[in-house]
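This text walks through one protein structure, from its overall layout to single residues. Please keep the sequence and the model at hand while reading.

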Amino acid sequence: LSQWAVSQLSTMVFFAVAFGLGLALLRVPFAAQIAVFGGFWEIIPGLGSVIALLLALLSAFTTSKYWLLGAVLVLYLVVVILKQSFLSPLVFDRRLRIHPVLMVLGVALGIRLFSYWGAFFAIPLLIVLTVVGQELQASYATGMSTSNGNAQTPGSPLPSGAYPRAF
C-alpha cells in the first residue's frame, strides 16, 4: 500500500503543478489555489481534476475574456491526457506491477458498487487482493515442492507414476 500512496501522490503533484503552471501562464485568477485544491482531491482519481476544471472555468469566466474558457479547457485536456495516458500507467505499473487496464476496471467497478467510496478504496483493495493472490500462488508453489517429500520444483518433470496435486 505504501507503493500505491507514493504513486498516487506523484500523480496528484503532477496534476497540481502542470495545471497550476498552465493556469498561471494564462493568467487565470486564483490559479495556485485552484491547482492545489484540485491536486488534493485527486486522491479520488478524476474527481480533483473535474473540480479544478470547474473552478478554473468559473474563475476564467469572471475575467470577461471568453477565449480564456477555451484555453482553460484545452489546458485541462492536455494535462489530463498526459497524466492518464502516460504518467499514471508508467508510475503505477512500475511500482505496483498491476496492469493499468485492471486498475481502470477496478475503479469503475468500485464506483458502480459503492459510489465515491468505491472510487477511493478500489485501488488499495485491488493491491491487497493482488498481494494475497501472489502469496497464495507462492505458498502453493512451495507446498507443491515439499508436500510429498520429493523436492519437486514447479515446472520440473514428475517422477514416473506421480500425479500433481490440485491443492
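The paragraphs below go from the helices and their packing to contacts, loops and surface.

The model shown is a predicted one. The protein chain contains five helices and zero strands. Read from the N terminus, its elements follow the order α-α-α-α-α. The chain has 167 residues, and 31% of them count as buried.

Helix H1 covers residues 2-25, and a loop joins H1 to H2. Helix H2 spans residues 31-41, and helix H3 spans residues 47-61. Helix H4 takes in residues 67-96, with a loop between H3 and H4. Helix H5 runs over residues 100-146.

H1 passes H2 in a right-handed crossing.

The axes of H2 and H3 come within 6 Å, with a crossing angle of roughly 160°. H2 and H3 are therefore roughly antiparallel to each other. The crossing of H2 past H3 is right-handed.

That leaves H1 and H3. The axes of H1 and H3 come within 12 Å and cross at roughly 15°. Angles under 35 degrees count as roughly parallel, so H1 and H3 are roughly parallel to each other. The crossing of H1 and H3 is right-handed.

Ala35 has its place in helix H2. Is Ala35 buried or exposed? The limit for buried is under 20% relative accessible area; Ala35 has 3% relative accessibility and so counts as buried. Ala35 and Ala52 are 17 residues apart along the chain, and their C-alpha atoms are separated by 6.5 Å.

Ala31 also lies in helix H2. Ala31 has a relative accessible area of 8%, so this residue is buried. Between Ala31 and Leu55 there are 9.4 Å from C-alpha to C-alpha, while in sequence the two are 24 residues apart.

Leu58 is found in helix H3. Exposed means over 50% relative accessible area; with 55%, Leu58 is therefore exposed. Leu58 and Leu69 are eleven residues apart in sequence, and their C-alpha atoms are 8.6 Å apart in space.

The next topic is charge pairing. Side chains of opposite charge can pair when their charged atoms come close. How many salt bridges does the structure hold? The structure holds one salt bridge. Glu42 forms a salt bridge with Lys83, and the closest N and O atoms of the pair are 2.9 Å apart. This pair links distant parts of the chain, 41 residues apart: Glu42 sits in the loop between H2 and H3, whereas Lys83 sits in helix H4. Glu42 counts as buried because its relative accessibility is 1%. Lys83 has 5% relative accessibility and so counts as buried too.

Most residues other than glycine have a negative phi. Phi of Arg27, however, is near 60°, a positive value in a residue other than glycine. Arg27 is placed in the loop between H1 and H2. Its relative accessibility is 70%, so Arg27 counts as exposed. Ser64 is a residue other than glycine with a positive phi as well, near 65°. Ser64 is placed in the loop between H3 and H4.

Last comes the surface. Which residues make the nonpolar surface patch of about 620 Å²? The patch is made by Leu109, Leu113, Phe114, Trp117 and Phe121. One of its members, Leu113, is found in helix H5. Leu113 has 53% relative accessibility and therefore counts as exposed.

Key: Residues are numbered from 1 along each chain as its sequence is written. This is a predicted model: local features need pLDDT of at least 70, side-chain atom pairs count only at pLDDT 80 or more; totals for chains, interfaces and linings use all residues. Side-chain values use heavy atoms; hydrogens and water are left out. Patches are made of residues with over 30% relative accessible area and no salt bridge: like charges are joined within 9 Å, nonpolar side chains (Val, Leu, Ile, Met, Phe, Trp, Tyr) within 5 Å. Accessible areas come from the Shrake-Rupley method with a 1.4 Å probe; for residues, only the protein chains shown count as cover. A salt bridge is a side-chain nitrogen of Lys or Arg within 4 Å of a carboxyl oxygen of Asp or Glu. Helices (H or I, at least four residues) and strands (E, at least two) are DSSP runs, numbered from the N terminus. Buried means under 20% relative accessible area, exposed over 50%, partly exposed in between (1.4 Å probe, protein chains only). Axes are lines fitted to C-alpha atoms, for helices over the stretch in contact, and angles run from 0 to 180 degrees between N-to-C directions. Angles under 35 degrees count as roughly parallel, over 145 as roughly antiparallel, 65 to 115 as roughly perpendicular and the rest as oblique. A crossing is left-handed if the near helix is turned anticlockwise from the far one by less than a right angle, and right-handed if clockwise.
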